[in-house]
2 protein chains.
Amino acid sequence: MSGDLKRDMHALGAAARDAARALRESSNDTRSEALRVAASALRARAPEILAANAEDLKAAAHSSAAMLDRLTLNEISVEAIACGLEAIAALPDPLARTLAHWKQPNGLDISRVATPIGVIGMIYESRPNVTADAAALCIKSGNAVILRGGSDSLRSSRAIHAAMLDGLQAAGLPGACVQLAQTTDRAAVGEMLQGLNGAIDLIIPRGGKSLVARVQAEARVPVLAHLEGICHVYVHAAAKLEMARAVVLNAKMRRTGVCGAAETLLIDRAVLSSHGVSILNDLKNAGCEIRGDEAVRSVFPSAKLANDEDWRTEYLDAVIAVKSVDGVEEAIRHIETYGSHHTESIVTGDAAVAERFLAALDSAIVLWNASTQFADGGEFGMGAEIGIGTGKLHARGPVGVEQLTTFKYIVRGTGQTRP
Amino acid sequence: MSGDLKRDMHALGAAARDAARALRESSNDTRSEALRVAASALRARAPEILAANAEDLKAAAHSSAAMLDRLTLNEISVEAIACGLEAIAALPDPLARTLAHWKQPNGLDISRVATPIGVIGMIYESRPNVTADAAALCIKSGNAVILRGGSDSLRSSRAIHAAMLDGLQAAGLPGACVQLAQTTDRAAVGEMLQGLNGAIDLIIPRGGKSLVARVQAEARVPVLAHLEGICHVYVHAAAKLEMARAVVLNAKMRRTGVCGAAETLLIDRAVLSSHGVSILNDLKNAGCEIRGDEAVRSVFPSAKLANDEDWRTEYLDAVIAVKSVDGVEEAIRHIETYGSHHTESIVTGDAAVAERFLAALDSAIVLWNASTQFADGGEFGMGAEIGIGTGKLHARGPVGVEQLTTFKYIVRGTGQTRP
C-alpha cells in the first residue's frame, strides 16, 4: 500500500518534469490563454464546484467555524476565483525579462535572463481557492505544479482542478502542468517533502504554523515560506496622533487572521499618556484585548499584564501585546529579539529616526507611516501572490509570478577561448 | 566531549550572529578597509604562514600529489591571495543597490534594496587560500562567516585567519565576523549542517563531489553549491572548423580539474569526418583519452568505446566522451538527460540553431561559440567567486559578492491604511 503511494507520487513527479519542459518552451500567449479558458470553465462548472463543496462541507460539519469559513465556496467566491485567473493571465510575461546584460573586454556578450524554476510542490490546507490561485501563478510563470490540498477540501479542489485542465487542454498544454495529489493519505506530503526522486525544485507550504513547521523540518528540497508573522508597529515620540491611531487600528484590526496583522505595539514612553491612551481606547472599542507591560498598565489600567511569551506570540486574533520603549534603538532591539522577520512599521514625523528603523531591521518588509496589513502581493502591485517568504534565500516578502522564476546566463561569443 | 563540541560550535554561531549585525550596519569603506589591512597583514605574516604551511605539508606527506598541490603555499601564492583581497576591496559596494523602485496608486513608495544574507557557513577542503577568499567575499557583502576547512590545512588556515583578524580589528569590526572552526573533529561539520541553533543562514560547500553530496544530503539550512559539472560542447554542422577546434580543445584541456571543463563532446554526424577527426586529433595530441560511440569509432578508430556511464561522468581529467548526434534537438535531449545543469556550449555559424540551443537548455550557463572554461566569476566580470551554483533557487552560476546578498522591501507612506 505504501509502496503504491510512493510509486503513484513518483509518477506525478515524472509527469510534472515532462510538463515543465513543455511549459518552459511555451509562449506567454499560450499560458495566458490556458488561464482565460480555465476562468470560463470555472464559471461554466460553478454548479458542480458548489455541489462538490457542499459535500466537503457536509463531511466537515464537525469542524470549527474558522475552518468551515475557509472551506466554504459560493457563487461570489467562484466568480472571484475566475476573475483572479483572468487578472493573472493579464500580467506581463514574467519570463520575458533580461535581468542584466553586459559585455566583457574579450567581446563575450553576457545576459542574465529569467527562466521558470521547474516543478513546484504546493502543500496547503482547506482553502479550495488556493487550488486555482497557485495553479494559475505557476502556469503563468512557466512552472509545473503538484498540488496537495487539505483532505477536507478534496472534492472541491477536484472540481476546480477539472476547470484548470479544460484551460490547459484548450491551450495545447499537457494536463500534467497542474496535478492534484488525489490521495488523502498524509504520507503523500512526506513523499513530496523528499522531492519525488528529484522531480520537485521548490516546496511552498501555505497554512498554519504546524503545517509550515513540519514542512521546514522534513523537506529535503528548498522551501519558500514564512513560519509566522509577529509583526510590529512602533509609535515613535514624533508620531502624529491621528496617523498613529489610524495605522495601529488598521494594522491590528482590519483582519486579525492574516500574517501581516500587527501582533505587538511598541510605544515611546514619552507619548504613552498623550498617544498611547487614545490608541489603546480605539483598539479596546474595536473589541481588541490589550496585554501591556507595567508602564502601559499605569496609563491604561484595564490592560492585562503581558509576559515574555506575549512578545513571541502570533495571536492571529483580536489581541495585542503592548510594550513601552525608550526610543528607536530599544524598539529595534525588541523586534530583533522577538520578531519573525516578516513586517514591521514605524509611525513618526522624524525622517532620520524613520530611516534608522528602516535600515536597521532585518525583516522582509519595513514600512514608515503605513499599516503592516499592506504586506501582500496584490497591495505591492504584483497582481497576486502565492505566499510570503521570510527566509533569506531567493525571494523575501510577497511571492508573485516574478518571484516564481529563476535565471540563467546566456553568453554569446565569436570563438573565444580562455587564456 | 561531543557535548563540548556542540556547545563550542553553538558559541561560534551566536558570536557570528552578533557580528553579522555589526557588519550589516557597517559602511563599505569600513569593510573594504578591513580587507586592505588584511592584505598588508598577509604580506607581513608571509613567513609564519609559510612555516605553518610547511608543517601541514609535513603532516600530509603521505597524501596524493593532487592533494599536496592544493595544499601547498609559496611566496607567490601568498602574494596572490593578498592581491585578491585588494581586488575584492575595490569592488563596488554590493549593498548599495536599489533593485527596484516604484510607487503604488495609493502613494506608497516601495523599494527593494540589497541586504546581507547574514551568517554563511563555509565548508571546504584543503585549499588554504579559500580561507582568505571566502572570508573576503563575505566581509565585502556584509556577511559573517564561519569557516570549516579541511583538517590537513588547519595550521595554514589559522595563520591566514590571523591576518584576516588584523584587518577586522584595524577597521573596528568584531573578530567574530570571520571565525575558524578550530577543531579537526568531523562532527563540527554535522553541527554546522544543523544550522547552529538557527545561526547559519546559508551553507556553501566547496570541494569534491563526496563533500558536496554529504552537505546536500544532511543540511537543514539552505545550501548553495554544484554537485558536479558535466559540461558539454556541441559542434553543430554549421560550425567553422577552426573555431570548433579551438573551443573544444580549450574547453577540455585548458584545465581538466575545474568544474567548467568539458566532459562530453557532441558532434553532428554530418561533420564527423570533416570536423570530428581534426578535433579528436587535437585532443589526442594534447594527451586526452577519447571514448566514443560506434559512429565516432568508425572515423576515429583509436577511440575507446563509450558506455552509458561515460555520458554521466565528470572525469575532471584528460578524458572526454564523444557522441554523434543528428542535429540540435538530439543534442538538447542528450544534455537534458545526462547533464548536470552547469555549463554547455554550442559551436555553430547558424544563429537560429544557436538561439534554439540557448533557449531550450535548463543549465546555469549556456554559451554560443565560446569555451565552457569561461564558467567563472572572474571571467564574468564579478571580480571573484565563492563558488558556482546549479540549484534553482537564489543564485545560479558564479556566486560573487552580489549573489551573497538578499533583499528587503522598504515602504514609505504618509499614513496609508489598507481598505
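Biologist: How many bridges join strand β13 of chain A to β16(B)?
Modeller: In this predicted model, strand β13 of chain A, residues 365-370, is joined to β16(B) by five bridges, and the two strands run parallel. Within β16(B), the residue that stands opposite A:A370 is B:Q416.

Biologist: How many residues does the contact take from each chain?
Modeller: The contact takes 52 residues from chain B and 52 residues from chain A. Sorted by class, the side of chain B that touches chain A has 24 nonpolar, 17 polar and 11 charged residues.

Biologist: Why do you say that the copies meet through the same surface?
Modeller: Because 100% of the interface residues of chain B are also interface residues in chain A.

Biologist: What rotation superposes chain B on chain A?
Modeller: A rotation of 180°, with 0.0 Å of shift along its axis, superposes chain B on chain A with an RMSD of 0.0 Å. The two copies are therefore related as by a two-fold rotation axis. In chain B, the C-alpha nearest the axis belongs to B:H394, at 1.9 Å from it.

Biologist: Switching to chain A, what is the phi of A:H394?
Modeller: A:H394 has a positive phi of about 60°, although it is not a glycine. A:H394 is placed in the loop between β14 (387-389) and β15 (397-399) of chain A.

Biologist: Is A:H394 buried or exposed?
Modeller: A:H394 counts as buried, because it has 21 C-beta neighbours inside 10 Å, and the cut-off for buried is 20 or more.

Biologist: Where is A:H341, then?
Modeller: A:H341 lies in the loop between α14 (328-338) and β12 (343-347) of chain A. Its phi is near 60°, a positive value in a residue other than glycine, and A:H341 is buried, with 24 other C-beta atoms within 10 Å.

Biologist: Last topic: which residues have the most contacts inside the largest nonpolar core?
Modeller: They are A:I203, A:V235, B:L42 and B:I203, in a core of 273 residues. Leaving aside residues up to four places away in sequence, B:I203 touches several residues, among them B:I123, B:M192, B:L193 and B:V215. In soluble globular proteins, nonpolar side chains tend to be buried together.

Notes
Residues are numbered from 1 along each chain as its sequence is written. Chains are lettered from A and ligands numbered from 1 in the order in which they are written. This is a predicted model: local features need pLDDT of at least 70, side-chain atom pairs count only at pLDDT 80 or more; totals for chains, interfaces and linings use all residues. Copies are superposed by least squares on the C-alpha atoms of residues with pLDDT of at least 70 in both. Two residues are in contact if their C-beta atoms, placed from the backbone, lie within 7 Å. Ala, Val, Leu, Ile, Met, Phe, Trp, Tyr, Cys and Pro count as nonpolar, Asp, Glu, Lys and Arg as charged, and the others, Gly among them, as polar. Two strands pair if DSSP finds at least two bridges between them. Helices (H or I, at least four residues) and strands (E, at least two) are DSSP runs, numbered from the N terminus. A nonpolar core is a set of buried Ala, Val, Leu, Ile, Met, Phe, Trp, Tyr and Cys residues joined through C-beta atoms within 7 Å. A residue is buried if 20 or more other C-beta atoms lie within 10 Å of its own, exposed if 12 or fewer, and partly exposed in between; C-beta atoms are placed from the backbone.
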